[in-house]
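Subject: Structure handover

Hello,

Here is the structure I promised to pass on. Please open it first, then read my notes below.

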Amino acid sequence: MIKPQVAISSCLLGEQVRYDGQHKRSPLVVDQLSPFIKPISICPEVGSGMSVPRAPIQMVSKDPHSVNTISLQQVDSPFQDFSADMEEYFRKQTDRHKFTAGLISKSRSPSCGVTDTPVFTESKKIASGSGYFVRLFQQKFPQVPVIDENKLSIDEERHRFLTCSFALGRFYSFKQLDRKIALSSFHSQHLLLFQSIDADKSERLSAFLAQSTVDKGCEHDYLVEVSKLLQQPFDIQTALAAFEHFIAQPNQFTKKKLDNTSHVALSQLLERLKYRTEDLSDPCMFYGSITKEVNALQLNELKQNAFFAPYPDKLMWRNREEI
Ligand code: SF4
């Protein structure tokens, strides 16, 4: 399986780059995930020219009623403004992230936080939001999933992040192909996975590809919609309906016909899954069970289809236990 390129806050990787000279090493990121991805270490503050150690900074809004005009200021010296330095650093980084398929970022940081970074006026906290670097990153790369280390430890959040990140990684692995072929190969490989999450949106994506002139803009819009779809909440009934549809009409999803043994094995698997809907309402359990059974049955031809292997089975654990 491919290893997607994932940008990670350097302090989570154990690098001593924080304002106090310390790190925030995450065993989950370093020991569990890193072997399956291509990690890229990023520290936006050090990259913007700040020293280690350094005086703490914070996000400040000039308007007490809005967070639209934010700047990155030193806590004890508001005249020290690092906004322009960080924007310059980000501009220089954009090429490096052309094929980045995920960002794992440090929570609450004024630069790296994803949703919970405090925003202050001169005197008090007025809101929470994304850190300065993450804002820039999300504006430029809206298709790339972003998560912090706290959400990463929640099974369903981690599952959505990994599903989207590995899908984008697979897409980038097609990049040497002609754009039209790359998009259509990727779409066929992921169609069943899309349907198992949201059948209507999946159909709209197919129609969008069929109707569009395949250019850079179309590719961008398609990937943004794919990313939104893959990060939607999971619904077991939708997933079962898609699997049932696949068993009834496999030729819609795969060029090769299913042989009789595979057809019987998958039908039996579907029946077993139907009896476990409560247990499988968590997507880690659902896709983990399918992947495990397809591996055990040695249905190797199905492993090319993202529904049966959205990301490596060794990452499909729940609450740190293997499924
Ligand atoms: S949170 Fe981000 S900016 Fe702060 S030390 Fe970690 S990597 Fe650097």
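**What was found**

F133 touches P44, M86, F90, S111 and C112, leaving out residues up to four places away in sequence. Two residues are in contact if their C-beta atoms, placed from the backbone, lie within 7 Å.

Two points on reading the numbers. This is a predicted model: local features need pLDDT of at least 70, side-chain atom pairs count only at pLDDT 80 or more, and totals for chains, interfaces and linings use all residues. Residues are numbered from 1 along each chain as its sequence is written.

**Core and domains**

F133 also belongs to the largest nonpolar core. That core has 79 residues, and those with the most contacts inside it are I104, F133 and A167. A nonpolar core is a set of buried Ala, Val, Leu, Ile, Met, Phe, Trp, Tyr and Cys residues joined through C-beta atoms within 7 Å. Domain 1 (5–153) and domain 2 (177–322) both give residues to this core, so it lies between them. "Buried" means 20 or more other C-beta atoms within 10 Å of the residue's own; "exposed" means 12 or fewer, and "partly exposed" is in between, with C-beta atoms placed from the backbone. In soluble globular proteins, nonpolar side chains tend to be buried together.

The chain is divided into domain 1 (5–153) and domain 2 (177–322). These bounds come from an automatic or database domain assignment. The C-alpha centres of the two domains lie 33 Å apart. Domain 1 gives five residues to the contact and domain 2 gives seven residues. On the domain 1 side, four are nonpolar, one is polar and none is charged. For these classes, Ala, Val, Leu, Ile, Met, Phe, Trp, Tyr, Cys and Pro count as nonpolar, Asp, Glu, Lys and Arg as charged, and the others, Gly among them, as polar.

**The ligand**

Which residues surround the ligand? They are S9, S10, C11, V17, R18, C43, P44, E45, K106, S109, S111 and C112. By class, this shell has five nonpolar, four polar and three charged residues.

**Helices**

Helices (H or I, at least four residues) and strands (E, at least two) are DSSP runs, numbered from the N terminus.

- α6 (residues 155–173) has 19 residues and reaches 27 Å from its first C-alpha to its last, close to the 27 Å expected at 1.5 Å a residue. The expected span is 1.5 Å times one less than the number of residues. Of the 19 residues in α6, 14 are buried.
- α12 (residues 283–296) has 14 residues and spans 20 Å, close to the 20 Å expected. Its buried residues include F286, Y287 and I290. Q298 follows α12 and has a positive phi, near 55°.
- α4 (residues 132–140) holds L136. L136 is buried because 20 other C-beta atoms lie within 10 Å. Beyond four places in sequence, L136 is in contact with E87 and F90.
- α9 (residues 216–230) holds Y222. Y222 counts as buried because it has 20 C-beta neighbours inside 10 Å. Its contacts beyond four places in sequence are L183, L205, F208 and L209.

**Loops**

Most residues other than glycine have a negative phi, and most peptide bonds are trans.

Start at P53, in the loop between α2 (44–47) and β3 (57–61). A cis peptide bond joins V52 and P53, with omega about -5°.

Next is R108, in the loop between β6 (100–105) and β7 (117–120). R108 is not a glycine, yet its phi is positive, about 65°. R108 is partly exposed, with 15 other C-beta atoms within 10 Å.

T115 is also in the loop between β6 and β7. T115 touches S128, G129 and S130, not counting residues up to four places away. T115 and S130 are 15 residues apart along the chain, and their C-alpha atoms are separated by 4.7 Å.

Last, Q252 lies in the loop between α10 (236–248) and α11 (260–274). Is Q252 buried or exposed? Q252 counts as exposed because it has 12 C-beta neighbours inside 10 Å.

Best wishes

Notes: Near = placed C-beta within 6 Å.
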